[in-house]
Amino acid sequence: MISVTNLSKAFGDFIAVDKLSFEVRAGDVVGFLGPNGAGKSTTMKMLTGFLTPSNGEIRISDMAMDKSSKAIQKQIGYLPEGAPAYGDMTVVEFLSFIADIRGLKGQHRKDRIREVIRLVQLEEVLRRPVENLSKGFKRRVGLAQAIIHDPDILILDEPTDGLDPNQKHQVRELIKNFSKDKIVIISTHILEEVTAVCNRAMIIAAGKMLFDASPADLQKKSRYYQAISLHFTQLTDISGLAELEGVEDMEVDRHNGRVTLFPEGQQDLMPAVSAYIRDRGLQVDTLYQEQGRLDDVFRQMTEEVSA
Amino acid sequence: MANVITLFRREFSSFFATPVAYVFILIFLMLSGVFSFYIGNLYERGQADLLPFFNFHPWLYLFLVPAIAMRSWSEERKSGTIELLMTLPVTILEIMLAKFLAAWAVLGLALLLTFPLWLTVNYLGSPDNGIIIAAYLGSWLMAGAFLAIGICMSALTKSQVVAFILAIVVCFVFVLSGSSIVLDAFTGWLSPLLLDTLASFSFLTHFESMAKGVIALDDVGYFVIVIGVWLYAGLLAVEQKKAE
Ligand SMILES: Nc1ncnc2c1ncn2[C@@H]1O[C@H](COP(=O)(O)OP(=O)(O)OP(=O)(O)O)[C@@H](O)[C@H]1O
Ligand SMILES: [Mg+2]
């Protein structure tokens with residue numbers, strides 16, 4: 001378990017992280033969101049014991065970071081921002097080095113190295129120096145290094161940045177499979193990633209916590225949550241739609257004629273809308289309920305802070 | 001201890017993964033040859049020893065050791081690997097020791113590879129080989145002191161060039177404070193006691209008898225303390241500056 005109280009970090013006069021408090025329990029997969037410079041990486045650097053907090057306390061597995069950092073670091077796998085690695089080593093040398101430092105031995109060590117190579121698909125670059133790898137492969141080496149000792153806590157700073165779509169999928173699967181009774185914290189700028197792999201979303205901006213709940217709750221904050229989106233095959237008089245019971249507002253996109261109906265509160269408009277269409281014999285080519293647009297919510301929340 | 005060995009292996013092989021170690025050893029061998037034969041007149045002296053060779057070591061190390069030391073921490077900080085390293089379960093002390101020992105081993109290797117000189121004097125005459133071995137050990141120890149300064153300077157900055165220049169300046173002070181130029185300049189200005197104190201901080205003063213094969217406890221102690229103090233200062237610098 002990770003418990004953070006009033007965590008702050010100042011660089012000179014500048015406050016990068018401002019009194020964060022949260023707890024993360026086994027099984028949590030946390031998506032750490034926030035605009036550039038929000039303090040995500042700085043927070044992760046403190047969680048992994050690289051930076052010393054200016055204020056506040058970090059306790060992990062009932063140990064205080066300032067007293068037992070080495071014992072804590074044994075339980076953590078960490079992918080730092082930009083996936084730094086020793087350029088002059090080949091991939092297999094680098095992974096062997098990390099395995100040694102992590103205290104893996106004998107057959108287990110061999111098995112783990114083989115396993116991570118398989119998991120992030122590094123077979124084709126094993127004998128190449130890390131500095132000659134493409135950005136995506138470097139990131140994958142960083143991931144392999146982070147999971148080599150099968151840690152209880154995995155902290156990944158933008159793990160899918162620079163990966164191709166197949167690899168993104170692969171890494172998300174990896175995180176999902178990893179996480180049953182462990183802790184995962186990932187930072188990302190890809191909001192769909194949070195709904196895809198996380199069961200908890202935290203948003204920070206200017207070092208302050210803005211939101212901490214499930215990704216579903218985040219979607220509920222969207223104006224588009226459960227809004228009905230539809231498009232008529234022919235030009236149709238739609239004024240009646242706005243008058244329907246429970247519709248708060250209606251918007252029509254001038255360019256493509258798409259109609260969006262926003263519900264009052266959290267009503268389900270679908271039955272009313274489909275009945276309306278059926279009764280009048282209207283022709284629609286699309287009709288669906290929106291899940292909420294995360295980027296809207298994100299923008300709205302974080303712009304308030306920086307404004 | 002296991003960590004130090006693992007880190008040492010990585011550091012040591014990284015010297016040979018890049019041309020650094022090869023270039024260093026080559027230049028060291030060339031310069032020590034040039035210095036001993038042309039400037040030190042190893043042949044013409046007509047004595048079977050390696051004194052001219054060892055006498056030049058402080059001046060050789062002054063420029064060459066900072067070149068070996070400059071990347072030790074600067075590179076880690078520049079490339080961000082310091083973040084990786086320091087979030088692994090290893091202490092800064094372990095990393096520091098491994099870095100020092102690895103570079104020191106490269107210096108030792110360079111010294112070992114000067115063995116043709118030793119063969120030469122043995123072929124030409126019959127030197128006291130005990131003295132020569134003692135002088136080799138003394139020289140290696142002094143190289144360690146240069147190295148500790150260089151590593152500390154490397155911990156202070158992300159830039160290898162700045163680390164190199166800082167290291168040369170500091171090493172220069174430590175070498176020069178015992179040279180006749182400085183001591184002569186201060187004679188008359190400073191009391192003999194202060195003058196002795198100044199000279200006693202110098203690598204030259206402590207290496208003088210070592211080069212002749214006399215290993216005295218206080219000279220050894222001096223270099224060991226210098227190594228310890230500078231590595232410790234480097235440790236504090238890393239702790240302070242790791243995040244910048
Ligand atoms: N060593 C440092 N010295 C001074 N300021 C720093 C330092 N490290 C980070 N900062 C500042 O702290 C703030 C937070 O940086 P951080 O890297 O945590 O942001 P982030 O949320 O990870 O952003 P991004 O999405 O761009 O990765 C930034 O304004 C950054 O400039
Ligand atoms: Mg970041």
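1. Start with Arg59(A), which pairs with Glu57(A) in a salt bridge, the closest N and O atoms sitting 3.7 Å apart. Bear in mind that this is a predicted model. Arg59(A) counts as partly exposed because its relative accessibility is 30%, and Glu57(A), at 33%, is partly exposed too. Over all chains, a search of the whole structure turns up 22 salt bridges.

2. Next, have a look at Asp150(A). Its salt bridge goes to Lys182(A), with 2.8 Å between the closest N and O atoms. Asp150(A) is in the loop between α5 and β7 of chain A, and Lys182(A) is in the loop between α6 (165-178) and β8 (183-187), so the pair ties together parts that are 32 residues apart in sequence.

3. Gln121(A) is another non-glycine residue with a positive phi, about 55°. You'll find Gln121(A) in the loop between α4 (106-119) and α5 (135-147) of chain A, and with 31% relative accessibility it counts as partly exposed. For context, most residues other than glycine have a negative phi.

4. Another pair in chain A is Glu251(A) with Arg223(A), whose side chains meet in a salt bridge at 2.6 Å, N to O. This one links distant parts of the chain, 28 residues apart: Glu251(A) belongs to strand β12 (residues 247-252), and Arg223(A) to the loop between α8 (215-220) and β11 (228-232). Glu251(A) is partly exposed, with a relative accessible area of 31%, and Arg223(A) counts as partly exposed at 44%.

5. There is also a network across the two chains. Which residues does it join? Asp88(A), Arg10(B), Glu11(B), Glu76(B) and Lys99(B) are brought into one network by salt bridges that share partners. Take Lys99(B), placed in helix α7 (residues 92-112) of chain B. Lys99(B) counts as buried because its relative accessibility is 3%, and the cut-off is under 20%. Its side chain makes a polar contact with the side chain of Glu76(B) at 2.8 Å. Setting aside neighbours within four places in sequence, the residues in contact with Lys99(B) are Glu11(B), Ser72(B), Trp73(B), Glu76(B) and Ile151(B).

6. On to the interface. Chain A puts in 23 residues and chain B 25, and the two chains bury about 2,200 Å² between them, 68% of it on carbon and sulfur atoms. On the chain A side, Phe50(A), Tyr86(A) and Ile101(A) lose the most area to chain B, together accounting for 35% of what that side buries.

7. For the polar part, the count between the chains is three salt bridges, and six residue pairs are in polar contact. In chain A, α2 (69-75) and α3 (91-101) each supply at least two residues of the side that touches chain B. The largest share, five residues, comes from α3(A). By class, that side has 12 nonpolar, five polar and six charged residues. As for a specific pair, the side chains of Lys45(A) and Glu83(B) form a salt bridge at 3.8 Å, N to O.

8. Pro84(A) is one to click on. It lies in the loop between β6 (76-79) and α3 of chain A, and it counts as buried because its relative accessibility is 7%. Beyond its neighbours within four places in sequence, Pro84(A) is in contact with Ser79(B), Gly80(B), Thr81(B) and Leu84(B). Within its own chain, Pro84(A) is 55 residues from Arg139(A) in sequence, with 8.5 Å between their C-alpha atoms.

9. Last, chain B as a whole: 14 helices and zero strands. Among contacts between residues at least 6 apart in sequence, 77% join residues at least 24 apart.

Methods:
Residues are numbered from 1 along each chain as its sequence is written. Chains are lettered from A and ligands numbered from 1 in the order in which they are written. This is a predicted model: local features need pLDDT of at least 70, side-chain atom pairs count only at pLDDT 80 or more; totals for chains, interfaces and linings use all residues. Side-chain values use heavy atoms; hydrogens and water are left out. Contact means heavy atoms within 4.5 Å. Buried area is the accessible area (1.4 Å probe) that two parts lose on being put together, summed over both. A salt bridge is a side-chain nitrogen of Lys or Arg within 4 Å of a carboxyl oxygen of Asp or Glu. A polar contact is a pair of N or O atoms within 3.5 Å; within protein, one must be able to donate a hydrogen and the other to accept it, and residues adjacent in sequence count only if both atoms are side-chain atoms. Helices (H or I, at least four residues) and strands (E, at least two) are DSSP runs, numbered from the N terminus. Ala, Val, Leu, Ile, Met, Phe, Trp, Tyr, Cys and Pro count as nonpolar, Asp, Glu, Lys and Arg as charged, and the others, Gly among them, as polar. Buried means under 20% relative accessible area, exposed over 50%, partly exposed in between (1.4 Å probe, protein chains only).
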